[in-house]
Amino acid sequence: MGKVHIFDHPLIQHKLSFIRDRRTGTKEFRELMNEVAMLMAYEITRDLPLEEIVVETPVAPARTRVLSGRKIGLIPILRAGLGMVDGMLKILPTAKVGHMGVYRDPETLQPVEYYVKLPSDIAERELIVLDPMLATGGSASHSIAVLKNRGARSIKLMVLIAAPEGIARLQADHPDVDLYVAAVDERLNEHGYIVPGLGDAGDRLFGTK
């Protein structure tokens, strides 16, 4: 069963409060989302393997450690996932970025795929799927299945807010995928929105309705 990692860091929780606030405008919302993604990047990369090297400091040789093994791939689910990419790239500037276009049909609440563009070497990368909201779990589950079908072997999902229903769906469909989340909310409403949530992340991010 995939683990659920909840980030309770004070800075993340502080900024998430303003992301939720309906009075927060598009510019501030976008900046806050990137900042929270950047802070979450520290935790989601905590278990990356290291190897020892020797570097020459101005004083003497030093034994230090650098990242080893697989490199990182970031896979935002369009369109709201784009709001988390820049923050992640500030910490992981050499990561490759793929894009997964999936939207939720408003009538059936089922995922509909419309665009997929991925790095050619995803099998060799640690993939982090990005989406601000894990509501029904349909879009995330579908996206992860697409990645697996194309050869991905190591996948994590990073979201700001999750509903219990979405977590259950992820764990049922992909028990090998860990979830990294800033908050787990109460439930979904009849329209499939997270309660209390933050509204439509894509609309708030891009100023659309």
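**Residue contacts, helix packing and nonpolar cores**

Apart from residues up to four places away in sequence, Ser141 touches Arg169, Asp173 and His174, a contact being heavy atoms within 4.5 Å. The structure is a predicted model, in which local features need pLDDT of at least 70 and side-chain atom pairs count only at pLDDT 80 or more, while totals for chains, interfaces and linings use all residues. Residues are numbered from 1 along each chain as its sequence is written, and side-chain values use heavy atoms, with hydrogens and water left out. Ser141 belongs to helix 4, residues 138–149; helices (H or I, at least four residues) and strands (E, at least two) are DSSP runs numbered from the N terminus. Ser141 counts as buried because its relative accessibility is 5% (buried is under 20% relative accessible area, exposed over 50%, and partly exposed in between, with a 1.4 Å probe and protein chains only).

Packing of two helices was examined next. Two packed helices are described by the angle between their axes and the distance between the axes. Helix 1 (residues 10–20) and helix 2 (residues 26–44) have axes that come within 9 Å and cross at roughly 155°; the axes are lines fitted to C-alpha atoms, for helices over the stretch in contact, and angles run from 0 to 180 degrees between N-to-C directions. Helix 1 is therefore roughly antiparallel to helix 2 (under 35 degrees is roughly parallel, over 145 roughly antiparallel, 65 to 115 roughly perpendicular, and the rest oblique). On the helix 1 side, Leu11, Ile12, Lys15, Leu16, Phe18 and Ile19 take part in the contact, and they meet Phe29, Leu32, Met33, Glu35, Val36, Leu39 and Met40 of helix 2. This contact of helix 1 with helix 2 comprises eleven nonpolar, no polar and two charged residues; Ala, Val, Leu, Ile, Met, Phe, Trp, Tyr, Cys and Pro count as nonpolar, Asp, Glu, Lys and Arg as charged, and the others, Gly among them, as polar.

Lys15 lies in helix 1 and is buried, because its relative accessible area is 19%. Beyond four places in sequence, Lys15 touches Leu32, Glu35, Val36 and Leu39. Asn34, in helix 2, is also buried, because its relative accessible area is 14%. With sequence neighbours within four places left aside, Asn34 is in contact with Gly83, Met84, Val85, Asp86 and Gly87. The C-alpha atoms of Asn34 and Gly83 are 6.2 Å apart, although 49 residues separate the two in sequence.

In soluble globular proteins, nonpolar side chains tend to be buried together. The largest nonpolar core of the model holds 38 residues, and those with the most contacts inside it are Ile19, Met40, Met88, Ile128, Leu130, Met158 and Leu160; such a core is a set of buried Ala, Val, Leu, Ile, Met, Phe, Trp, Tyr and Cys residues joined through side-chain atoms within 4.5 Å. Elements giving two or more residues to this core include helix 1, helix 2, strand 4 (71–78), helix 3 (85–91) and strand 10 (155–162). Helix 2 gives the most to this core, with nine residues. A second, separate core of 24 residues includes Val116, Ile122, Val129 and Ile155.

Glu51 is found in strand 2, residues 50–56, and is partly exposed, with a relative accessible area of 41%. Leaving aside neighbours within four places, Glu51 is in contact with Thr64, Arg65, Val66, Leu67 and Ser68. The C-alpha atoms of Glu51 and Leu188 are separated by 44 Å, the two residues being 137 apart along the chain.

Most residues other than glycine have a negative phi, and most peptide bonds are trans. Leu78 and Arg79 are joined by a cis peptide bond with omega of about 5°; Arg79 is in the loop between strand 4 and helix 3. A cis peptide bond also joins Val195 and Pro196, with omega of about 0°, and Pro196 is in the loop between strand 13 (194–195) and helix 6.
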